[in-house]
Amino acid sequence: ANCVESARNPYRFRDWANFVAGLRDRGDAACVVLISDSQGYAGEWPAKKSYAARLEALLNERRTGGFAHWEVCNLSVDGVTPLEYMAAAARLRDERPTWLVSISGSADFRAENFDKGFAFPRSDLTALATEWPVARRLPGAFWRRHGKVEDTLTAWVTHRFPLLRARDCLWSWLDTRYPGAQPAFYAPRTTYRFWQLPGEARTAPVPAPFPHRGAEVLDLTYDERSTVLLNEFLDQLAAVPAAHKLVAANPLRSEFAEMREGVWIAAFRQDLARLTAEKGLSFRDLTLALAPEDFITSNHLHDRGHRKMAELLADHIAAEMEK
């Protein structure tokens, strides 16, 4: 999969080299790199309905900036952590996209992430950080917090020896063909498809033998530790040699004014505005950019929300390129 064939990488970044190849081999095309969370990944919708895909269509339809062809490379991750953000941004310093767009929220930088190791993220994008050109770009504080020996060695070894991924591929095959079989075999850490395989399921979903009692509750605390994580990520973004950049706070259905999350969201927005100004990055606060009916959850977008986001970003890109 690459940014020409797919709006988002279905292989959880195992195929990173091919996925980003379009950034270098795009010829005369202009390229937008989108880094975001589950809102940008849009797992609830087919890839062609995400705002990333629709943005690509709008830019091509309008021939924005005088380019006859545009491509949007969606590097968004559902359940993203700062470790994945850092690895992606550090690796992108080898590329020269026309636009780099980062759209994130306070939950992406929750304090829980502050000292987690490479085994914590749900994707294996952090394996990129074990490549020396990427590793040396990450600050020493990053390695002191996240460079846990066992996690880092595991990421390094599996990144370099594909045969070691056989277990992951087997679990994915099992989950694709026989949905629900993973929990039936009691694989508590296998909570997603490590590798997406084609094909239809052969059986109906298997009921979970150990059903969860109540929904998972995430700790969304945003505090001074979160500010450190955000600051490091913005440093990496500032170093990516893109012709144009945009950093934005993602849209939310409400500010949770009556809940404690409202305080954390406000702190994130203030940090993002202050830090982007210090680093000379363009910033837009999109928190209230969409109407409540444009959402299906507090931060996941309805189909019309994706349409509006694509139009908003297309208008922004056009306006900036006309200056």
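This report walks through the sheet, a few loop residues, a nonpolar patch and the salt bridges of the structure above.

A word on the ground rules: this is a predicted model, in which local features need pLDDT of at least 70 and side-chain atom pairs count only at pLDDT 80 or more, while totals for chains, interfaces and linings use all residues. Residues are numbered from 1 along each chain as its sequence is written, and side-chain values use heavy atoms, with hydrogens and water left out.

**The sheet and its helices**

Five strands form an open sheet in the order 2-1-3-4-5, and their pairing is parallel. Strand 2 (70-74) and strand 5 (283-285) are the edge strands; each has a single partner strand, so one side of each lacks a neighbour in the sheet. From one strand to the next, the twist averages 20°. Helices (H or I, at least four residues) and strands (E, at least two) are DSSP runs numbered from the N terminus, and two strands pair if DSSP finds at least two bridges between them.

Strand 1 (residues 30-36) runs parallel to strand 2, and five bridges join the two. Within this pair, L34 stands opposite N74 of strand 2. Helix 4 (residues 51-62) packs on the sheet, where it touches strand 1, strand 2 and strand 3 (99-104), and its direction makes about 170° with that of strand 2. Helix 5 (residues 82-92) also packs on the sheet, touching strand 1 and strand 3, with its direction at about 160° to that of strand 1. For these angles, axes are lines fitted to C-alpha atoms (for helices, over the stretch in contact), and values run from 0 to 180 degrees between N-to-C directions. Contact means heavy atoms within 4.5 Å.

N250 lies in the loop between strand 4 (244-249) and helix 12. With a relative accessible area of 4%, N250 is buried; here buried means under 20% relative accessible area, exposed over 50%, and partly exposed in between (1.4 Å probe, protein chains only). Leaving aside neighbours within four places in sequence, N250 is in contact with D37, Q39, I103, S104, G105, L286 and T287. N250 and S102 are 148 residues apart in sequence, yet their C-alpha atoms are 9.2 Å apart in space.

**Two positive phi values**

Most residues other than glycine have a negative phi. A42, in the loop between helix 3 (38-41) and helix 4, has a positive phi near 55°. A42 is buried, at 0% relative accessibility. R63, in the loop between helix 4 and strand 2, also has a positive phi, near 50°.

**A nonpolar patch**

W156, F161 and L164 make a nonpolar surface patch of about 310 Å². Such patches are made of residues with over 30% relative accessible area and no salt bridge; like charges are joined within 9 Å, and nonpolar side chains (Val, Leu, Ile, Met, Phe, Trp, Tyr) within 5 Å. Areas come from the Shrake-Rupley method with a 1.4 Å probe, and for residues only the protein chains shown count as cover. F161 is found in the loop between helix 8 (149-160) and helix 9 (166-177), and is partly exposed with a relative accessible area of 45%.

**Salt bridges**

The structure holds 16 salt bridges, each being a side-chain nitrogen of Lys or Arg within 4 Å of a carboxyl oxygen of Asp or Glu. Three of them are listed here.

| Pair | N to O distance |
|---|---|
| R91 and D94 | 3.9 Å |
| R145 and E232 | 2.7 Å |
| K279 and D235 | 2.6 Å |

R145 is buried at 12% relative accessibility, and E232 is buried at 9%.

Helix 11 also holds D235, whose partner K279 lies in the loop between helix 12 (261-278) and strand 5, 44 residues away. K279 is partly exposed, at 23% relative accessible area, and D235 is partly exposed at 38%.

Salt bridges that share partners join R91, D94, E95 and R137 into one network. Within this group, R91 is buried with a relative accessible area of 11%, whereas D94 is partly exposed at 33%.
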